[in-house]
Amino acid sequence: MAKLEKFIFDLDDRFKDGFTNRVQTRRNVTLIRDVAYGEEECCKLDLCYDADHDGEFPVWINIHGGGWVTGDKHWRRGQGMLYADMGLFVVTPNYGLSPQYRYHEALGHLNRALRWVYEHAQEYRLDLRHVFISGDSAGGQLACLLAAVSGNAAFWARLGQEPSGIAFCGAALACGAYDFDAMRRNPVALPMVRDMIGLKPKSIDRYPYRDMLYAVDWVNADFPQDVLIAYGRWDVFVRGHEQLLADKLRSLGKRYWLYRGGGTGDHCFHLWYRRKASRIFYDAVQKYVEQKCADDAVDLPAPIVGYPQLAPCKCE
């Protein structure tokens, strides 16, 4: 079991808690905890939204990270409040963690969470034309894959499910593990990979859902046209993974914006909400959401000169 990695991720979440779960909002934000979307104990989600909002909500699905072996929606409640303060209806699901659940089982849980959103759209006044997905670290990888295969009936049939009915108009992915071959070569990640697939990493070809680990391979023309990608310059877990995703998006004619953070807390730097680098990223998210919901062409700020900790780069 990836005990050391789990300890590191848990410590990081707890250490950031003073920043992540103590967010001041301008709107009348309501948080509903632990809504069941499935029978397993892990199948719970949090909802966060402006109680005074008029009309339909654009929807923001946020997948927490933790190396597929740990993590919890609890540590993203502050983030949910930030997104809700932008006028979004935020859904943050938990999902099965390894080694109790294998990777493909976690995917099945998240598909059911998306189905819950689809089925409760009328109750919560959700605008299903404008559904976004986000995630960090392992959650970034899962969010990337979900954005790619949400409507893929053959993909979900292999897991005994049907598509959720959700189609994503946009995505914001942070420090995601998109290059699974690089993960297998990273000594830090090997225990996590073993827990995810229930096999030694060198035996990965025996895992029946091996292809589902490679999220970028599934990215196709149906992927959102405009994507925000945040990454850390010195990220010990997923350094360089963002380039694999960027290359794939460019080959498909997609537009993407790269936001690079550096320094202390490099992995998932965007969770340090009081840092300038994090604030710049969330300002970009808000502009991105406003433009996508208005069905306008996305036009985000040009690269910031003279600030080395964050370098947004617009690529078309």
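Predicted model: local features only at pLDDT ≥ 70, side-chain atom pairs only at ≥ 80, totals over all residues.
Two strands pair if DSSP finds at least two bridges between them.

## Strand β4 and its partners

Strand β2 (residues 44-50) is joined to β4 by four bridges, and the two run antiparallel. Within this part of the sheet, C48 stands opposite V90 in β4. On the β3 side, three bridges pair β3 with β4 in the parallel sense. Here V59 is the residue opposite F89 in β4.

How many of the five residues of β4 (residues 89-93) are buried? Five of the five are, so the strand is largely enclosed by the rest of the structure. F89, V91 and P93 point one way from β4. V90 and T92 point the other way.

## R76, between β3 and α2

R76 lies in the loop between β3 and α2. Is R76 buried or exposed? It has a relative accessible area of 3%, under the 20% cut-off, so R76 is buried. Residues up to four places away in sequence aside, R76 touches D13, N21, N62, H64, G65, T92, D136 and L271. T92, one of these contacts, is also one of the buried residues of β4.

## The nonpolar core

The largest nonpolar core holds 110 residues. Inside it, I61 and Y103 have the most contacts. Helix α5 (residues 138-149) gives the most to this core, with nine residues.

Which residues does Y103 reach beyond its neighbours within four places in sequence? They are W68, S98, Q141, L142, L145, M196, Y207, M212 and L213. S98, on that list, begins a cis peptide bond to P99, with omega near 5°. P99 sits in the loop between β4 and α3 (103-119).

## Helix α11

Helix α11 (residues 276-293) has 18 residues. At 1.5 Å a residue it should span 26 Å, and its end C-alpha atoms are 26 Å apart, so the two values agree. Its buried residues are A277, S278, I280, F281, Y282, A284, V285, Y288, V289, Q291 and K292. An α-helix has 3.6 residues a turn, so residues three or four places apart point the same way. The cover over the buried residues of α11 includes β3 (57-63), α2 (77-84), β5 (126-136), β6 (170-174), β7 (226-232) and β8 (255-261).

D295 follows α11. It lies in the loop between α11 and β9 (313-315). Its phi is positive, about 55°, although D295 is not a glycine. R125 also has a positive phi, near 60°, and is not a glycine. R125 is placed in the loop between α4 (121-124) and β5.

## Aromatic pairs

There are 20 aromatic pairs. In one, the ring centres of Y49 and F57 are 5.9 Å apart and the planes stand at 75°, so the pair is edge-to-face. Ring pairs also link W60, Y83, F132, Y259, Y273, F281, Y282 and Y288 into a cluster. Among them, F281, Y282 and Y288 are buried residues of α11.

## Around α7

M183 is in helix α7. Leaving aside neighbours within four places in sequence, M183 is in contact with W68, A177, A189, L190, M192, F237, V238 and H241. W68 is also in contact with Y103. M183 and V193 are 10 residues apart in sequence and 7.9 Å apart in space, C-alpha to C-alpha.

D179 is in the loop between β6 and α7 (180-185). Residues up to four places away in sequence aside, D179 touches H241 and L244. H241 is also a contact of M183. D179 and L126 are 53 residues apart in sequence and 33 Å apart in space, C-alpha to C-alpha.

## Accessibility of selected residues

| Residue | Relative accessibility | Class |
|---|---|---|
| Y49 | 16% | buried |
| F57 | 2% | buried |
| M183 | 3% | buried |
| R125 | 36% | partly exposed |
| D295 | 59% | exposed |

Note on methods:
Residues numbered from 1 in each chain as written. Heavy atoms only, no water. Core = buried A, V, L, I, M, F, W, Y, C linked by side-chain atoms within 4.5 Å. Buried < 20%, exposed > 50% of the residue type's maximum accessible area, 1.4 Å probe, protein only. Contact = heavy atoms within 4.5 Å. Expected span 1.5 Å × (residues − 1). Phe/Tyr/Trp six-rings, centres within 6.5 Å; stacked < 30°, edge-to-face > 60°.
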